[in-house]
Amino acid sequence: MSVLGPNMGFQDYDALLNTCVNKRALREGQRVHAHMIKTLYFPSTYLRTRLLIFYGKCDYLKDAHKVLDEMPEKTVVSWTAMISRYSQTGHSSEALTLFAEMMRSEEKPNHFTFASVLTSCASGLSVGKQIHGLIIKWNYDSHIYVGSSLLDMYAKAGGIKEAREVFECLPERDVVSCTAIITGYAQLGLDEEALTVFQKLLSEGMSPNYVTYASVLTALSGLALLDHGKQVHCHVLRRELPFYAVLQNSLIDMYAKCGNLSYARRLFDNMPERTSISWNAMLVGYSKHGLGKKVLEMFRLMRDEERVKPDSVTLLAVLSGCSHGKMEDTGLSIFDEMIAGDYGIKPDTEHYGCIVDMLGRAGRIEEAFEFVKRMPSEPTAGVLGSLLGACRVHVSVDIGEYVGRKLIEIEPGNAGNYVILSNLYASAGRWEDVNSLRALMLQNAVTKEPGKSWIQHEQTLHYFHANDRTHPRREEVLAKLKEILIKMKQAGYVPDHSCVLYDVDEEQKERMLLGHSEKLALTFGLIATGDGIPIRVFKNLRICVDCHNFAKIFSKVFEREVCLRDKNRFHQIVGGICSCGDYW
């Protein structure tokens, strides 16, 4: 570096270091540092902090920390710069250790220090709560910057209640704090709460940024509100926001999860630069729709382009696509390639779980059971849950009973395990076992998540529960449903009594089936929408076989396209034929 001379002073070094920081010019910055040492120049605390920042920006964190250690005097800026860089680069334990060291020194943290260290507390609430106590002690809890970081920390660590309390106590709210709480709600699947805060943000005249819109789109994906998603997309276009990859990926994900795969693909194809998240959003979208061939086609395209490498999520989406697309042999072959190291990604528990789901879905229960036994590590509740679900579908009582009892030992508070095992017993007519499981649920104070379906009409979400008596138009819906049933039976609909999990007579079983939330939502859709308009129904749990058959015949009798989205899959039904091929 020719500008380095023998008589360099503070301003010369400061100007050079600032240039090196801005350009992340590692070699040049190292030469400036070497020149200080060689000429025996004793830099001020400010210049040493600039050196620390320079090494941090160049990701030479050990060198940055060494500069900090060698400082005769450390200021709050010096400590904060190092803590911040550790936090920004994912070195959470180092950031927390350094913060503890700072607390033992004479220098006390400021609002920037707290905001930086809170980023490293998202993996656990205990340390975060301790830091929250210090924030209150030094009266930084009312600082908007610290408050936003605090609620972001709670939200990311799953403490959404604490995050909301921090949010409500902020003396003023800005787009950053609103975005943090929206993101927290969306990540935890509390989609309606996320939308409520977003509407509040708009009503208070704040301008959302691209992160806000990305989080709102995540919430809309969870609720499958396509019309709202389109409105948000229009907002983004009107605001002329820069189309960062995170926002484009959220739009692709929203359209795919709301059932508009063609538009999601159009956005994907028009992206100037795609990330692994972009590819994964499309792969997951095709997989959820049961389009296994499309999943494999896109996976081949990704590998042929060689711009983005497949990651763990990519392979999970591909295996899931094979599972939902009736291509278990192809999926097993890809899994074997993973084991052999062809993709540079070793399968984790989720990949093993996907294979179990794939074999179980295909009715290869014993093969799935043997696969679980051969797993290199102890199977998780998720893996065993996939096997139990398959045993329920294919009425494999012996294996299902063994797996179900094992799951109840592992997760005594998970209602789903009791319910699926109870369903399996009911399918086999083992009513005493059904009753004993229900008694065990009561004993363990386990409550089942109630099934609900919803449908959007004129910007309002209409919710229905089994045998619903709460909807304002319930009498009209029930009367219409009786009319529908007559036409459906004439067209060949036969209620599937195996879906009723109570030991009651046939008439009661039929009445219970008729009260399922999906049927109520479909009926409301028929009443509320005009001829020929598609009916879109969403459910929080898996759709039962009877409701699936009902929806198929419904679409044929009333000449309506029906879109049913349950917890796992999309069912696009036209003229009595479902996109899932009756394989879900």
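Axes are lines fitted to C-alpha atoms, for helices over the stretch in contact, and angles run from 0 to 180 degrees between N-to-C directions. Helices (H or I, at least four residues) and strands (E, at least two) are DSSP runs, numbered from the N terminus.

This is a predicted model, where local features need pLDDT of at least 70, side-chain atom pairs count only at pLDDT 80 or more, and totals for chains, interfaces and linings use all residues. Residues are numbered from 1 along each chain as its sequence is written, and side-chain values use heavy atoms, with hydrogens and water left out.

**Exercise 1. Describe the protein chain as a whole.**

Step 1. Take the elements: the chain has 30 helices and 6 strands.

Step 2. Take the extent. The C-alpha trace spans about 100 × 55 × 50 Å along its principal axes.

Step 3. Take burial (buried: under 20% relative accessible area; exposed: over 50%; partly exposed: in between; 1.4 Å probe, protein chains only). Of the 584 residues, 51% are buried.

**Exercise 2. Work out how helix 18 and helix 19 pack.**

Step 1. Locate them. Helix 18 covers residues 292-305 and helix 19 covers residues 312-324.

Step 2. Read the geometry. The angle is about 150 degrees, and the axes are 8 Å apart. Helix 18 is therefore roughly antiparallel to helix 19 (under 35 degrees is roughly parallel, over 145 roughly antiparallel, 65 to 115 roughly perpendicular, the rest oblique).

Step 3. List the contact residues (contact: heavy atoms within 4.5 Å). Gly292, Val295, Leu296, Phe299 and Met302 of helix 18 meet Thr314, Leu315, Ala317, Val318, Gly321 and Cys322 of helix 19.

Step 4. Sort them. The contact holds 8 nonpolar, 3 polar and no charged residues. Here Ala, Val, Leu, Ile, Met, Phe, Trp, Tyr, Cys and Pro count as nonpolar, Asp, Glu, Lys and Arg as charged, and the others, Gly among them, as polar.
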